[in-house]
Amino acid sequence: ETTNETYEPIAIADTASEEDLIWNISLQARIDAALANGEIYLAYQPKILIQSGEIVGVEALVRWNDPQRGQIPPDNFIRQCETAGRMSQLTRYVLDQACRAGNAFDLAGLSIPVAVNISATLVHERHIVDMVADVLDKTGFEPRHLTLEITETYRISNLDQAAEVLGELARLGCKISMDDFGVGAASLEALLRLPFNELKIDRAFISQMLVNPKAEAIVKSILDMGRSMRIVVIAEGVEDAGTLTKLREAGCIVAQGFGLSRPVDYERIIKNHALGRDDPLRNMV
Ligand code: C2E
Ligand code: MG
Ligand code: MG
Ligand code: MG
């Protein structure tokens, strides 16, 4: 009896970690194969000038269509890449695809900045600087048209290191954006110490603006702060015309959200531009 009780938990623990190991190895292999087979691709969501409906940028959002598991949501997939030690490979792939799409936009006469999401975990090391420089060099995309959106900045464990790395990326000519502003600890300290050109107010605040006066007050304060700091502020997750009107009244210049445009293929953005249909506000107000 006693033997059984002490034995079993150990057996379970051993089995679990072995399973983890096997899972991670097969995950690595699946991610490598997915990158090689084109199962991983990008959707582009426009950043819209509220005043005119003009597209003033796009954000590249990764998609994984796994033949066995179907569409894997980016949040899961990003975690899986981190677990499998494949963040750097994924980021290089995304940067490369996004810069190529950027070249296609340029050719179509739609010369707009393209934003790529960069995990906070990558900005502690110089490696990302070499990677970005190399991709810019190989694709010939203009550095000033590449925006790097740093996600989950509360995960930056060393602001001195991050400041150095982001400073170097800024010196390459890239714009640096702080994603999901307002959620997670230390976002003000990160804003104080890191060289951001843009900040994106998290959807958590935007989606509450019409129903929660506190959310509205927070959004207005962030817009004021952005103005005083001369940083571009983008409202993300705008889903309805009422929220857009409130944002416009509060002096917000640029917005993004399903109500303006869902993330779409880059070809679709080019086609709409050619047809003179790049005005999502027509659907909105
Ligand atoms: P994010 O960078 O904050 O991207 C915005 C997310 O909100 C996207 O989800 C977008 O589809 C969604 N969204 C946009 N407008 C609306 C709206 O009006 N309503 C709602 N409910 N959602 C909206 P997605 O594509 O699932 O991406 C989730 C997160 O995954 C991103 O958040 C980003 O943190 C991460 N991610 C995506 N692509 C990459 C990538 O290439 N590299 C890295 N490191 N992270 C990525
Ligand atoms: Mg983003
Ligand atoms: Mg965001
Ligand atoms: Mg987000």
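Where does ligand 1 sit? Ligand 1 is found in the largest pocket. Here a pocket is an open set of points on a 1 Å grid over the protein atoms alone, with protein on both sides within 12 Å along at least five of seven lines; a molecule sits in one if more than half of its atoms lie within 2 Å of its grid points.

A quick word on the ground rules. This is a predicted model in which local features need pLDDT of at least 70 and side-chain atom pairs count only at pLDDT 80 or more, while totals for chains, interfaces and linings use all residues. Residues are numbered from 1 along each chain, chains are lettered from A and ligands numbered from 1 in the order written, and side-chain values use heavy atoms, with hydrogens and water left out.

**Around ligand 1**

There are 23 residues around ligand 1, and R63, N117, D179, E239 and F258 come nearest; to be near, a residue needs a heavy atom within 4 Å. By class, this shell has nine nonpolar, six polar and eight charged residues. Strand β2 gives the largest share, four residues (strands are DSSP runs of E, at least two residues).

The table lists some polar contacts, meaning pairs of N or O atoms within 3.5 Å.

| Residue | Atom of the residue | Distance to an oxygen atom of ligand 1 |
|---|---|---|
| N117 | polar side-chain atom | 3.0 Å |
| D180 | polar side-chain atom | 3.0 Å |
| F258 | backbone N or O atom | 2.7 Å |

On its own, ligand 1 has 800 Å² of accessible area, and the protein covers 87% of that (Shrake-Rupley method, 1.4 Å probe).

D179 sits in strand β6 and E236 in the loop between β8 and α9, so they link parts 57 residues apart in sequence. D179 also bridges the magnesium ions (ligand 2 and ligand 3), which lie 3.7 Å apart.

Note on methods. Polar contact = N/O pair within 3.5 Å; in protein donor to acceptor, adjacent residues only side chain to side chain. 1 Å grid on protein atoms, 1.4 Å probe; cavity = no way out; pocket = protein on both sides within 12 Å on 5 of 7 lines; lining within 4 Å. Nonpolar A, V, L, I, M, F, W, Y, C, P; charged D, E, K, R; others polar. Donors = N, O, S within 2.8 Å, 3.2 Å for Na, K, Ca; no water.
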